[in-house]
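Please keep the sequence and the model in view while reading.

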Amino acid sequence: MFERFAGSTREAVRVSAEEASRRGDRRIGTDHLLLGLLHDSDSAGALGVSLDAARTKADVLDRKALESIGIDLGGYLPQPRLRARFRAQSFTSGAREVITRTLVLTTGEKARRITPRHLALALLERQQPDPAAELLTELGVDRDDAQRRLTGA
Amino acid sequence: MVTDGLLTQIRSTDPASGLRAAGALRRLADLVEATHVEIARQQGWSWEQIGDALGVSRQSVHAKYGK
């Protein structure tokens, strides 16, 4: 599945598994792929957002969702040093679609390697309801702008 | 405590928020558990006592948090 991935793209996918574990999710979702991609400074620059901002917004979305069902955490934020030991390993169906899309975008450009740029473009295509789409909206990313920057169009 | 008002609110929330809230609650529960397992260990609780408090076996809590 990952044969044509450039080293930096593999790295983005590897750290997205860490982002999933960090958030306490068992599967790697499109939102984690986005967080993983933002570890790459070129990609973060092209999207105009930082990793820290994206992590913060993911927490903000959680809080808003909890408030929508009447749960207000106030200032409560548990931060254990001791971590449950599990690693997110499998992908959500949305994340698998993104991975497939990166290959399609790459072959469309007649490029050999799947680069972080292809991953960024595949994530920008996501439509709500989708965790990455939701996070991009919360971050205020202008998708058309970002897409133009990434394709040089 | 879950009140009738809260249950009504849960039912009327749109699914995108509601499903995300369910995920957020699970993540929160895991964090609360990890935080208090750590505190209990510092205070000398055995894995057995922690397992009993969580309603799970000593083995499962040790496998999750033990070294």
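In α6(A), Arg117(A), Ala120(A), Leu121(A) and Leu124(A) meet Arg143(A), Ala146(A), Gln147(A) and Leu150(A) of α8(A); two residues are in contact if their C-beta atoms, placed from the backbone, lie within 7 Å. By class, this contact of α6(A) with α8(A) has 5 nonpolar, 1 polar and 2 charged residues. Here Ala, Val, Leu, Ile, Met, Phe, Trp, Tyr, Cys and Pro count as nonpolar, Asp, Glu, Lys and Arg as charged, and the others, Gly among them, as polar.

The model is predicted: local features need pLDDT of at least 70 and side-chain atom pairs count only at pLDDT 80 or more, while totals for chains, interfaces and linings use all residues. Residues are numbered from 1 along each chain as its sequence is written, and chains are lettered from A and ligands numbered from 1 in the order in which they are written.

Two packed helices are described by the angle between their axes and the distance between the axes. The axes of α6(A) and helix α8 (residues 143–151) of chain A come within 10 Å and cross at roughly 155°. Axes are lines fitted to C-alpha atoms, for helices over the stretch in contact, and angles run from 0 to 180 degrees between N-to-C directions. α6(A) and α8(A) are therefore roughly antiparallel to each other, a term for angles over 145 degrees. Their crossing is left-handed, meaning that the near helix is turned anticlockwise from the far one by less than a right angle.

Helix α6 (residues 116–124) of chain A also packs with helix α2 (residues 30–37) of chain A, at an angle of about 140° and with the axes 10 Å apart. This crossing, too, is left-handed. From α2(A) the contact takes Thr30(A), Leu33(A), Leu34(A) and Leu37(A), and from α6(A) it takes Pro116(A), Leu119(A), Ala120(A) and Leu123(A). These residues divide into 7 nonpolar, 1 polar and no charged. An α-helix has 3.6 residues a turn, so residues three or four places apart point the same way.

How many of the residues of α2(A) are buried? The helix is mostly covered, with 8 of its 8 residues buried; a residue is buried if 20 or more other C-beta atoms lie within 10 Å of its own. Among them are Asp31(A) and His32(A).

Ala88(A) counts as buried because it has 21 C-beta neighbours inside 10 Å. Leaving aside residues up to four places away in sequence, Ala88(A) touches Ala17(A), Ala20(A), Ser21(A), Asp25(A), Arg26(A), Arg27(A) and Ile28(A). By contrast, the C-alpha atoms of Ala88(A) and Ile71(A), 17 residues apart along the chain, are separated by 27 Å.

Chain A as a whole has 8 helices and 2 strands, which are DSSP runs numbered from the N terminus (helices H or I, at least four residues; strands E, at least two). Along the sequence they follow the pattern α-β-α-α-α-β-α-α-α-α. Buried residues make up 37% of the 153 residues. Of the contacts in chain A with a separation of 6 or more, 67% are between residues 24 or more positions apart.

Finally, chain A touches chain B through a contact with 17 residues from chain A and 20 residues from chain B. Helix α4 (residues 51–68) of chain A supplies the largest share of the chain A side, 5 residues.

Definitions and conventions
A residue is buried if 20 or more other C-beta atoms lie within 10 Å of its own, exposed if 12 or fewer, and partly exposed in between; C-beta atoms are placed from the backbone. Angles under 35 degrees count as roughly parallel, over 145 as roughly antiparallel, 65 to 115 as roughly perpendicular and the rest as oblique.
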